[in-house]
Amino acid sequence: MPLVVHQVAQAGFGDGAGELYDRVRPSYQPFVLSYLAERVKKPSLNVVEIGAGTGIFTRALLTHPDWDVAVRELKAVEPSAGMRDVFSKAVMDERVSIQEGTFDTTGVETGWADLIFIAQAFHWCPDYNLASAEFARILKPGGAFVCLWNVEDRSRSSWVADVRVRVGKHKEGAPQSQPGLWRQTFDTPIYRKFFQTPEESVWPYVLNTTAEIVVERVCSESIFVILPDVEKAKVKKDILAISRRREDKVWVDESKGIFEYPYKVSVVIARKSTTAV
């Protein structure tokens with residue numbers, strides 16, 4: 001059976017897109033990984049990472065002091081050949097392997113995983129019930145799947161909100177993490193059968209940025225990658241103008257054009273019942 005991948009993801013995360021994505025997308029804050037260690041870590045873990053992309057989360061996890069020796073083996077699953085290529089070059093750890101797969105077709109052995117991580121990816125899932133069935137199949141009883149998102153926090157800055165509105169003009173029909181449609185997972189029959197009530201947490205934070213970095217961040221989005229060149233130029237021009245506005249900014253070093261980029265990280269932990277098989 002062929003893998004089911006959204007057409008925007010197929011085109012936007014294809015060959016040549018991974019290098020920019022890996023360079024400009026933010027990593028995961030150490031405090032988030034510490035929180036996850038408190039909630040779900042135990043010794044000698046078998047970990048599956050679905051939608052592993054270029055390995056941004058993978059590297060953060062394996063180099064964090066709370067996790068570096070806790071992971072026995074990590075099986076990364078990623079549908080995009082271009083992303084897998086960047087991942088293989090960026091993640092140099094003998095405990096890690098990467099293979100083609102999706103949310104409902106991981107290729108992982110039944111009952112192998114203690115943990116599943118899905119970072120910045122679950123909103124691409126086409127069928128939450130089938131995904132829940134696959135998670136239940138590969139997880140051990142008492143295991144968990146964890147979803148994370150790093151997203152710009154439009155509620156804390158008007159210029160960030162305007163950036164997202166401008167980009168959003170091209171996102172009709174494309175999955176997004178912001179609307180939270182992925183929460184439909186928790187109402188599916190398979191999720192209710194095998195998993196407990198999810199735990200959700202959100203934390204605000206800031207990154208240092210420049211107007212040029214804001215533009216590059218937008219350029220790494222799948223929906224931008226597939227635009228015609230003329231439209232790409234218009235989007236880049238508009239985003240640069242928005243991010244150069246002086247109002248509603250918190251400056252870090254105005255002489256160098258460095259200012260705060262409001263972000264938030266969302267974490268969802270869903271535990272498989274200890275009696276589920």
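Two strands count as paired if DSSP finds at least two bridges between them. Strands S1 and S4 meet this cut-off, with 3 bridges joining them, and Val47 has Leu115 of S4 as its bridge partner. The legends below describe close-up views of a predicted model.

**Figure 1. Overview of the chain.** The predicted model contains 11 helices and 8 strands. Of the 277 residues in the chain, 53% are buried. Among contacts between residues at least 6 apart in sequence, 83% join residues at least 24 apart.

**Figure 2. Strand S1 pairs with both S2 and S4.** S1 covers residues 45-50 and pairs with S2 in the parallel sense over 6 bridges. S1 also runs parallel to S4, to which 3 bridges join it. Val47 takes part in both pairings: it stands opposite Leu74 in S2, and its bridge partner in S4 is Leu115. S1, helix H4 (residues 56-63) and S2 form a right-handed β-α-β unit.

**Figure 3. Strand S2 lies between two right-handed β-α-β units in the chain path.** S2 pairs with S3 (residues 96-99) in the parallel sense over 4 bridges. In this pairing Val77 stands opposite Gln99 of S3. The unit that S2 makes with S3 includes helix H5 (residues 81-90) and is right-handed. Lys75 belongs to a charge-ring contact: its charged end sits over the ring of Trp112, 4.3 Å from the ring centre.

**Figure 4. Strand S4 is buried along its length.** How many of the 7 residues of S4 are buried? The count is 7 of 7, so S4 is largely enclosed by the rest of the structure. With S5 (residues 139-152), S4 pairs in the parallel sense over 6 bridges. Phe117 stands opposite Val146 in S5. S4, helix H6 (residues 128-138) and S5 make a right-handed β-α-β unit.

**Figure 5. Phe117 and the nonpolar cores.** In soluble globular proteins, nonpolar side chains tend to be buried together. The largest nonpolar core in this model has 52 residues. Leu36, Trp67, Phe117, Leu148 and Val267 have the most contacts inside this core. Leaving aside residues up to four places away in sequence, Phe117 touches Leu36, Val47, Val48, Glu49, Ile50, Phe57, Leu61, Trp67, Val146 and Leu148.

**Figure 6. Aromatic pairs.** The structure holds 22 aromatic pairs. In one of them, the ring centres of Phe57 and Phe117 are 5.0 Å apart and the planes stand at 55 degrees, so the pair is tilted. Phe57 lies in helix H4 and Phe117 in strand S4 (residues 113-119), and the two are 60 residues apart, so the pair links distant parts of the chain. Are these two residues buried or exposed? Both Phe57 and Phe117 are buried. Elsewhere, ring pairs link Phe103, Phe122, Tyr128, Phe135, Phe145, Trp149, Trp182, Phe186, Tyr191 and Phe195 into a cluster.

**Figure 7. Strand S8 and its antiparallel partners S5 and S6.** S8 runs over residues 258-271 and is mostly covered, with 11 of its 14 residues buried. S5 and S8 run antiparallel and are joined by 9 bridges; Trp149 stands opposite Ser266 of S8. S6 (residues 199-209) is likewise antiparallel to S8, with 11 bridges between them. Val206 stands opposite Pro262 in S8.

**Figure 8. The hairpin of S7 and S8.** S7, residues 251-253, pairs with S8 in the antiparallel sense over 2 bridges. Asp253 has Ile258 as its bridge partner in S8. The hairpin has 4 residues between the strands, and Gly257 takes a positive phi near 70 degrees. Phe259 carries a charge over its ring: the charged end of Lys249 sits 4.0 Å from the ring centre.

How values were computed
Residues numbered from 1 in each chain as written. Predicted model: local features only at pLDDT ≥ 70, side-chain atom pairs only at ≥ 80, totals over all residues. Heavy atoms only, no water. Core = buried A, V, L, I, M, F, W, Y, C linked by side-chain atoms within 4.5 Å. Buried < 20%, exposed > 50% of the residue type's maximum accessible area, 1.4 Å probe, protein only. Contact = heavy atoms within 4.5 Å. Right-handed = clockwise from strand over helix to strand, strands pointing away. Phe/Tyr/Trp six-rings, centres within 6.5 Å; stacked < 30°, edge-to-face > 60°. Lys NZ or Arg CZ within 6 Å of the ring centre and 35° of its normal.
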